[in-house]
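Thanks for coming. I have one structure to go through today, and I will take it piece by piece. Please have a look at it first.

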Amino acid sequence: MKSNGKTVFVSPSESAKQKEYTQLVRAVLTAKYDEPPRAFVHTYGCQGNVADSERMTGQLLEMGYTLTDSPENAQLVLFNTCAVREHAEDRVFGNVGALKPIKERRRDMLIALCGCMMQQKHVEDRIKKSYPYVNLVFGTFAVHRLPELMYKTLCGGKRVFDTDASSAPVAEGLPVHRDSGFKAWLPIMYGCNNFCSYCVVPYVRGRERSRRCEDVLNEAREIIASGVKEITLLGQNVNSYGKNGDDGVDFAELLRRINALPGDFKIRFMTSHPKDCNERLLDAMAECEKCAHHLHLPFQSGNDRVLKEMNRGYTREHYLELIAYAKKVMPDISLTSDVIVGFPGETYEEFLDTVSLIREVEFTSLFTFIFSPREGTRAASMEDPVPAKEKSRRFSELLKAQEEIASKRCAESVGRVFRVLVENEAEKADGILTGRTDGNVTIDFPGEASLIGSYADVTVTSARNWTLTGELAKKTDNKK
Ligand code: SAM
Ligand code: SF4
């Protein structure tokens, strides 16, 4: 795999070859089925995986598949997997096991597994040995080669495995089938160079590769023209966008250029890394009127020794300085973060530094995780004397502290008016809509379903621990 070098792009001849395979698959499917075969695509894990699945679904549609919500009646089941925590992996193996009786009834069903888990040798070996009914396995570097892999699976008569990590080119121009008509994921870079000691991502996603600014802008233009109201820029560490590019555009500049595109839309991004986040970016956020004042800045631990062991590359003090600057230039900023409890060797006192940090920052919400050892990472072989039960107790203590903070913040919102993107109808209440504020807080309010996909001004009337209730203040835009 290219490391620390320039980003490599999929060549035009390779793209043309995949287009040919698309047509070959289409011909095979037409000959085999009386009506278009159905594909069931299920995504585990992060938004990066969701964006990959949208590209794979786009390719499957071009091959002639239609989509179904149920694996029971699908001719192709595709699981896009996540390797970040053991729990996610266990779910995948459980769900693949559940496909076995369906496959026994329906021999023509193809089962394909892809994504981060497949990029690990021990997982590939386990599937080869214990899941003989899985037809196709491919990794994160082969998304653009799906037509070729499908053709080989359909016509080769053998199981196909493609987890080659020797090259990690960026593919442009793939067809994208977006899940939502008004929200869009826009990957700006792939991979990660950071090697946090607990994390498997750099091993399964390769080194950092940024897309060209012009390619990102072109996709943003298409997205906006299709009526999308919210674009979320994606990368494991968006703050290091452009470091291996030729056009000299860094993330702050990219944000400004997207902000300058005409249209009524919001820009969000994730994930920021405190090591690379800087005042230049926070200034750009503050000055770009389309950029949501929401910063997801994972701190992982509030203790400097633990941060060092995690190889995070910043201190608690540096993190708090960034937060102070963000609050100074954006007084309405909403802050969220990721936290790991129970990193190997973390003492109770060190854990309390995490609790004190969340009290100091007053996050809107947190994604909290108990440390999960990942094969091949440095932390997986560290001494880990704290019992699982004690880790769970600390985890609950952290959640309780965050609940107090979140409910206080929610209560402070009562009486305020927020411009909200209306996302769907509430699950259990007729006539109630659900939307999200700029700060990424969920708000329920009565309204007509025709508002879904547009912005509305909503006055907060009451607050719960994590979410708000409100009523329409005035309609600002009913265009989807
Ligand atoms: N690139 C992002 C960053 O550095 O903040 C996060 C990517 S990771 C897929 C999402 C989150 O999962 C991390 O921020 C971390 O809190 C959590 N995570 C990653 N590896 C983990 C592990 N081995 N055990 C528990 N949580 C983990
Ligand atoms: Fe994993 Fe760290 Fe990279 Fe985030 S920055 S993906 S936590 S290695």
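Which residues surround ligand 2? Before I list them, note that this is a predicted model. Ligand 2 has around it Cys 192, Asn 194, Phe 195, Cys 196, Tyr 198, Cys 199, Val 201, Pro 202, Gln 236, His 273 and Arg 312. Sorted by type, that shell holds seven nonpolar residues, three polar ones and one charged one.

Next, salt bridges. In general, side chains with opposite charges can pair when the charged atoms come close. How many salt bridges are there here? The count is 40.

The next pair is Glu 360 and Arg 316, whose closest N and O atoms are 3.6 Å apart. Here the partners sit in helices: Glu 360 in α12, residues 348-361, and Arg 316 in α11, residues 316-329, so the pair ties together parts 44 residues apart in sequence. Glu 360 has a relative accessible area of 47%, which makes it partly exposed. Arg 316 is at 17%. Buried means under 20%, so Arg 316 counts as buried.

The last pair is Arg 464 and Asp 444, with 3.5 Å between the closest N and O atoms. Arg 464 is in the loop between β18 (455-463) and β19 (468-475), while Asp 444 is in strand β17, residues 442-446; they are 20 residues apart, and the pair links distant parts of the chain. Both are partly exposed, Arg 464 at 40% relative accessible area and Asp 444 at 21%.

Now the network. Salt bridges link Glu 54, Arg 55, Glu 172, Arg 178, Arg 211 and Glu 219.

Finally, a sheet. In what order do its three strands run? The order is β12-β13-β14, the sheet is open, and the pairing is parallel. β12 (294-296) and β14 (365-370) are the edge strands, each with a single partner, so one side of each has no neighbour in the sheet. From one strand to the next, the twist averages 10 degrees. β12 pairs with β13, residues 334-341, over three bridges. In that pairing, His 294 stands opposite Ser 334 of β13.

That is where I will stop.

Conventions: Residues are numbered from 1 along each chain as its sequence is written. Chains are lettered from A and ligands numbered from 1 in the order in which they are written. This is a predicted model: local features need pLDDT of at least 70, side-chain atom pairs count only at pLDDT 80 or more; totals for chains, interfaces and linings use all residues. Side-chain values use heavy atoms; hydrogens and water are left out. A residue is near a molecule or strand if one of its heavy atoms lies within 4 Å of it. Ala, Val, Leu, Ile, Met, Phe, Trp, Tyr, Cys and Pro count as nonpolar, Asp, Glu, Lys and Arg as charged, and the others, Gly among them, as polar. A salt bridge is a side-chain nitrogen of Lys or Arg within 4 Å of a carboxyl oxygen of Asp or Glu. Helices (H or I, at least four residues) and strands (E, at least two) are DSSP runs, numbered from the N terminus. Buried means under 20% relative accessible area, exposed over 50%, partly exposed in between (1.4 Å probe, protein chains only). Two strands pair if DSSP finds at least two bridges between them. Axes are lines fitted to C-alpha atoms, for helices over the stretch in contact, and angles run from 0 to 180 degrees between N-to-C directions.
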